[in-house]
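User: Please take a close look at one part of this model, starting from the overall picture.

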Amino acid sequence: MSSANQNDAMIPNSDNSIWHKRVRRLILYVVVLLVVFLAGLVPMWLKSRTYAHERDALQASLQVSKLQNMLANSAIDARRGEYEPARQ
């Protein structure tokens, strides 16, 4: 009887240890997946951020160029005597 009790006592431990191994394996897979995801995400995020800063700088430069172009067109219109288009 005592050997049967020992065998019964061993069975839940083996199930419990198998469950712990599966949980640890699952956690390991999740961590590896997260690391791989971040390894791909971080460089793309940095590149995107760099391009966004370049785009913002170019948009500001374009805005200045448009303003200079409008001012030059107004000056040319005023010299020609076309005051109404120059005023607008």
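Analyst: The model is predicted, so local features need pLDDT of at least 70 and side-chain atom pairs count only at pLDDT 80 or more, while totals for chains, interfaces and linings use all residues. Residues are numbered from 1 along each chain as its sequence is written, and side-chain values use heavy atoms, with hydrogens and water left out.

The protein exposes about 8,300 Å², of which carbon and sulfur atoms supply 64% (Shrake-Rupley method, 1.4 Å probe; for residues, only the protein chains shown count as cover). Of its 88 residues, 2% count as buried (under 20% relative accessible area; exposed is over 50%, partly exposed in between; 1.4 Å probe, protein chains only). There are two helices and zero strands (DSSP runs numbered from the N terminus: H or I of at least four residues for helices, E of at least two for strands).

D77 sits in helix 1, and helix 1 covers residues 2-80. D77 is buried but has no salt bridge (a side-chain nitrogen of Lys or Arg within 4 Å of a carboxyl oxygen of Asp or Glu). R80 has the nearest side chain of opposite charge, 4.3 Å away (Lys and Arg count as positive, Asp and Glu as negative; His and the chain ends are not counted). Leaving aside neighbours within four places in sequence, D77 is in contact with E82, P85 and A86 (heavy atoms within 4.5 Å).

M70, another helix 1 residue, is exposed, with a relative accessible area of 52%. M70 and Q88 are 18 residues apart in sequence, and their C-alpha atoms are 9.7 Å apart.

D56 counts as partly exposed because its relative accessibility is 37%, and R55 counts as partly exposed at 47%.

Elsewhere on the surface, L34, F37, L38, L41, V42, W45 and L46 form a nonpolar patch with about 670 Å² of accessible area together. One of these residues, W45, lies in helix 1. Patches are made of residues with over 30% relative accessible area and no salt bridge, joining like charges within 9 Å and nonpolar side chains (Val, Leu, Ile, Met, Phe, Trp, Tyr) within 5 Å.
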